[in-house]
Amino acid sequence: MTLGFCVVGSLAGCSLIATLPGLTAGAATSSVTGNPALGLTVAIATNAAVDAGVKYVMKRFSAAEQQEIANAIAQSVPGEQRRWRVEQPVPYGNNKGRTIVVSESVNALTTCKKALFSVEGMVDGRPAEHWYTLDVCKNGQYWLWAQAEPSVKRWGSLH
């Protein structure tokens, strides 16, 4: 039984790990109360809570990384290259890379910069750098991504 669980666990990866607290809580509740329906309810509720918590943390990690990239671009002029780095509170999602501002446009509403940014990592044991394009715009005293992903917090329940 234990070997089968290990094999299933290694094949399922992180999705099973996120489900384990719900299964454990549901099984414990069912065995203590003798009510399988209550155990199923507890399992579903626990799984939903763990899933929501993981999504919340991952969005915060992503927002911190996006803000570091926007800050690096905001401090640069066209043609300038600048390094960025994010250090998360736990050793996960610590990324780094470079930004290069391509152009800057000023209009009556705001100032925006078109830029390239890279994320450095490892591919097949060798250093690799992946490049992406991005627009950031000034919003009051802050510079923010012009794309929708970092803006979803303004849509309320959709984030």
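A residue counts as buried here when its relative accessible area is under 20%, as exposed over 50% and as partly exposed in between (1.4 Å probe, protein chains only). The model is predicted, so local features need pLDDT of at least 70 and side-chain atom pairs pLDDT 80 or more, while totals for chains, interfaces and linings use all residues. Numbering runs from 1 along each chain as its sequence is written, and side-chain values use heavy atoms, with hydrogens and water left out.

By that cut-off Cys112 is buried, because its relative accessibility is 17%; Cys137 is buried too, at 17%. These two cysteines are joined by a disulfide with an S to S distance of 2.0 Å (a disulfide being a pair of cysteine sulfur atoms within 2.5 Å). The bond ties together distant parts of the chain, 25 residues apart, with Cys112 in strand 3 and Cys137 in strand 4. The S-S torsion is about 105°, so the disulfide is right-handed.

Now to the sheet. Five strands make up an open, antiparallel sheet in the order 1-2-3-4-5 (strands are DSSP E runs of at least two residues, helices H or I runs of at least four, numbered from the N terminus; pairing takes at least two DSSP bridges). Strand 1 (81–85) and strand 5 sit at the edges, each pairing on one side only.
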